[in-house]
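I begin with the structure itself.

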Amino acid sequence: MVTPLDHLVVALVTILLPVHDLLFWYPHLVRAVAERVRNARHRAYAQSLVTEWGLLAASLAAWKWQGRPWSELGLRVPSGWGFWVALAVAAGFAVFAGRQRVRLTRETDEEERAVVLAHLEPLRPLLPHTRREFLHFGALSLTAGICEEILFRGYLIWYLRALVAPVPAVLLGALLFGMAHAYQGTRGVGQTALVGLAMAILYLISGSLWVPMALHAFIDLNSGMLAYAFLRPAGPSAGR
């Protein structure tokens, strides 16, 4: 049964967090990078880590306080054929995406590289440019995989399914996940909404969040690896 506490948690995740990122967090990062503020990306990554883990802790506390089983949140032991099907699909996509990244990083055609750089440009302030930034981005990728899957696929889909039919709940959940990334622009919202829909399908097939968590973290990390390969500086200061 949905309670006022659930309304509060969902409002924090789907309204307050996206508004904060769109109006404050990302614009501040863009300005800091443009002004060459020292450790601008590190600070932005750290702020995002604290925010996501803080929201997750609050959400889990609310869930536990209301006496609900963790299995209803998607935190159950993987089992059954659905889990293995979801795992095979996720592994296949991970192999494909990884190979694509390797191919692109080895690309020597300047036009092809220009296409990749143009694709990275909208989020260039956020993407890792140095080895140290990439390591911190890796922690952020793992955080997104864990926190966002529990919040958006576990808690949010449970909440929406209590209010509407299953299919609209999944579609609305994917849309809200996309809107949570509004700072990435219209294209980013559409792409992340599709990712959210794919993760929801994997969640429903597998019966747990473990496969979506792992794939989500991999997708973010793979994107960070691609960005680092294209954006890292050359010369003796590279990788610092």
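Which residues do ring pairs link into a cluster? I found that Trp25, Tyr26 and Tyr183 are linked in this way. Rings of Phe, Tyr and Trp (its six-membered ring) pair if their centres lie within 6.5 Å; planes under 30 degrees apart count as stacked, over 60 as edge-to-face and the rest as tilted.

Entry on the source. I noted that this is a predicted model, in which local features need pLDDT of at least 70 and side-chain atom pairs count only at pLDDT 80 or more, while totals for chains, interfaces and linings use all residues. Residues are numbered from 1 along each chain as its sequence is written, and side-chain values use heavy atoms, with hydrogens and water left out.

Entry on aromatic pairs. I recorded ten aromatic pairs in the structure. A pair of aromatic rings is described by the distance of the centres and the angle of the planes. Tyr26 and Tyr183 form a tilted pair, 5.2 Å centre to centre with 45° between the planes. Tyr26 belongs to helix H1 (residues 4-34), whereas Tyr183 is in the loop between helix H6 (166-179) and helix H7 (185-206), 157 residues apart. Helices here are DSSP runs (H or I, at least four residues), numbered from the N terminus. Both Tyr26 and Tyr183 are buried, a term that means under 20% relative accessible area with a 1.4 Å probe, protein chains only.

I then looked up Trp63 and Tyr155, which form an edge-to-face pair at 5.3 Å centre to centre and 70° between the planes. Trp63 lies in helix H2 and Tyr155 in helix H5, so this pair ties together parts that are 92 residues apart in sequence. Trp63 counts as buried because its relative accessibility is 0%. Tyr155 is also buried, at 2%.

Entry on H2 and H5. The axes of helix H2 (residues 40-65) and helix H5 (residues 131-161) come within 9 Å and cross at roughly 25°. Axes are lines fitted to C-alpha atoms, for helices over the stretch in contact, and angles run from 0 to 180 degrees between N-to-C directions. H2 is therefore roughly parallel to H5, the term for angles under 35 degrees. The residues of their contact divide into 18 nonpolar, five polar and five charged. Ala, Val, Leu, Ile, Met, Phe, Trp, Tyr, Cys and Pro count as nonpolar, Asp, Glu, Lys and Arg as charged, and the others, Gly among them, as polar.

Note on methods. Helix = DSSP H or I, 4+ residues; strand = E, 2+ residues; numbered from the N terminus. Parallel < 35°, antiparallel > 145°, perpendicular 65-115°, else oblique. Buried < 20%, exposed > 50% of the residue type's maximum accessible area, 1.4 Å probe, protein only.
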